[in-house]
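The following exercises concern a single protein chain and are to be worked with its sequence and coordinates at hand. Each task is followed by a solution in steps.

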Amino acid sequence: MRNSKILFFIGLTVIGLLTVLYLDITDKDFEIHDIIVEFHGLIFDLIIFGLLITIYDSIKSRQDRVIRYKEEIRDFSGWESEEAKYRIRGLIKRLIDLKAKKVELYGCYIKNCPYTKKMVDWKFATAKLYNSYFIDCDLSKSTFYLSELHDSSFYKVNLTDCNFGLSVLDDCNFSDCILLNTNFDFAYVRENDWFKVLQLEENIGVEEINEKYIISSNFVTINSVNYYQIIDKVHNMTVAETPDKIIRKNIINYTPKLHFE
């Protein structure tokens, strides 16, 4: 297909040149100076169109790579193996370098992955992250809903408007982060003094979190590990519950919004 296009344009070029030569020969007022003038115009056109085509090709190539890497990540989603973890890690690094937006990592297993750049509105929902490090990056509006973060750290990270609802924060450290309007509803933590730990690590927005949430009076066991639960005070409850129980309760209490015209 590509070769046929090239041959087509070569044919048009040859036909155009022959037409111009014929007209020049039959034109009695033709002078060499006319060719020089037109030649300067041609060079200018080549420079302008060459730059435009180069810029377009660069943008298109970047977009194609971003789409391809996102598709490859979806292929590895739900595959818990060392190979999948390292393959996904490599794809994430490429997407970060390409400044990709709204990357979806639903259900992915990720290990030893450092994040150090702008990653606004990334989707880590239901993902499992092991030994991952978020350092000096922007994760605002990203979601970690129902995710698991094991031995992972956030250092100098903008977590404004992020959603950690029902996530498992297993030995997960937050240090010098921005936690404004960050959702931790029903998230699980190892420490019953988790708010104090956040305060000691000099995070911004801890006062807001402390006013909005409480730590459960009991713990629940998930994968043989005991966790306390962060609960929004609006729920009027202090007892921790397992994720499946909370999800079932939300489904039962869900009332669909009906629209009538």
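**Exercise 1. Overall description**

Task: State how much accessible surface the protein chain has, and which share of that surface belongs to carbon and sulfur atoms.

Solution. The accessible surface of the protein chain amounts to about 16600 Å², and carbon and sulfur atoms hold 58% of that area. The model is a predicted one, and these totals use all residues. In secondary structure, the chain contains six helices and twelve strands. Of its 261 residues, 34% are buried. Among contacts with a separation of 6 or more, 28% join residues 24 or more positions apart.

**Exercise 2. Patches on the surface**

Task: Identify the residues of the positive surface patch, and determine which helix gives the most to the patch.

Solution. Step one is to list the members: Arg62, Arg65, Arg68, Arg94, Lys99, Lys101, Lys102, Lys118 and Lys141. Step two assigns the main contributor, which is helix α2, residues 32-76, with three residues. Step three takes one member as an example. Arg65 is found in helix α2. Patch members must have over 30% relative accessible area, and Arg65, at 32%, counts as partly exposed.

Task: Name the residues of the nonpolar surface patch and give their accessible area together.

Solution. The nonpolar patch consists of Tyr133, Ile135 and Tyr155, whose accessible area together is about 270 Å². Tyr155 belongs to strand β6, residues 153-155. Its class follows from the relative accessibility: at 39%, Tyr155 counts as partly exposed.

**Exercise 3. The surroundings of Leu105**

Task: Decide whether Leu105 is buried or exposed, and list the residues in contact with Leu105 beyond four places in sequence.

Solution. First, Leu105 is located in the loop between α3 (82-97) and β1 (109-111). Second, the cut-off for a buried residue is under 20% relative accessible area; Leu105 has 0% relative accessibility and therefore counts as buried. Third, with neighbours within four places left aside, the contacts of Leu105 are Ile73, Ile88, Ile92, Ile110, Trp122, Lys123, Phe124, Ala125 and Ala127. Finally, the C-alpha atoms of Leu105 and Phe144 lie 9.8 Å apart, although the two residues are 39 residues apart along the chain.

**Exercise 4. Salt bridges**

Task: How many salt bridges does a search of the whole structure find? Describe the pairs Asp121 with Lys123, Asp171 with Arg190, and Lys245 with Glu241.

Solution. The search finds five salt bridges.

- Asp121 and Lys123 form a salt bridge whose closest N and O atoms are 2.8 Å apart. Both Asp121 and Lys123 are buried.
- Asp171 and Arg190 meet through their side chains at 3.6 Å, N to O. Asp171 is in the loop between β7 (168-170) and β8 (173-175), and Arg190 is in the loop between β9 (188-189) and α4 (194-200), so the bridge ties together parts that are 19 residues apart in sequence. Asp171 is partly exposed at 39% relative accessible area, and Arg190 is partly exposed at 35%. A network of salt bridges links Asp170, Asp171 and Arg190.
- Lys245 and Glu241 form a salt bridge with closest N and O atoms 4.0 Å apart. Lys245 is partly exposed, with a relative accessible area of 42%, whereas Glu241 counts as buried at 13%.

Methods
Residues are numbered from 1 along each chain as its sequence is written. This is a predicted model: local features need pLDDT of at least 70, side-chain atom pairs count only at pLDDT 80 or more; totals for chains, interfaces and linings use all residues. Side-chain values use heavy atoms; hydrogens and water are left out. Patches are made of residues with over 30% relative accessible area and no salt bridge: like charges are joined within 9 Å, nonpolar side chains (Val, Leu, Ile, Met, Phe, Trp, Tyr) within 5 Å. Accessible areas come from the Shrake-Rupley method with a 1.4 Å probe; for residues, only the protein chains shown count as cover. Lys and Arg count as positive and Asp and Glu as negative; His and the chain ends are not counted. The place of a charge is taken as NZ of Lys, CZ of Arg, CG of Asp or CD of Glu. Helices (H or I, at least four residues) and strands (E, at least two) are DSSP runs, numbered from the N terminus. Buried means under 20% relative accessible area, exposed over 50%, partly exposed in between (1.4 Å probe, protein chains only). Contact means heavy atoms within 4.5 Å.
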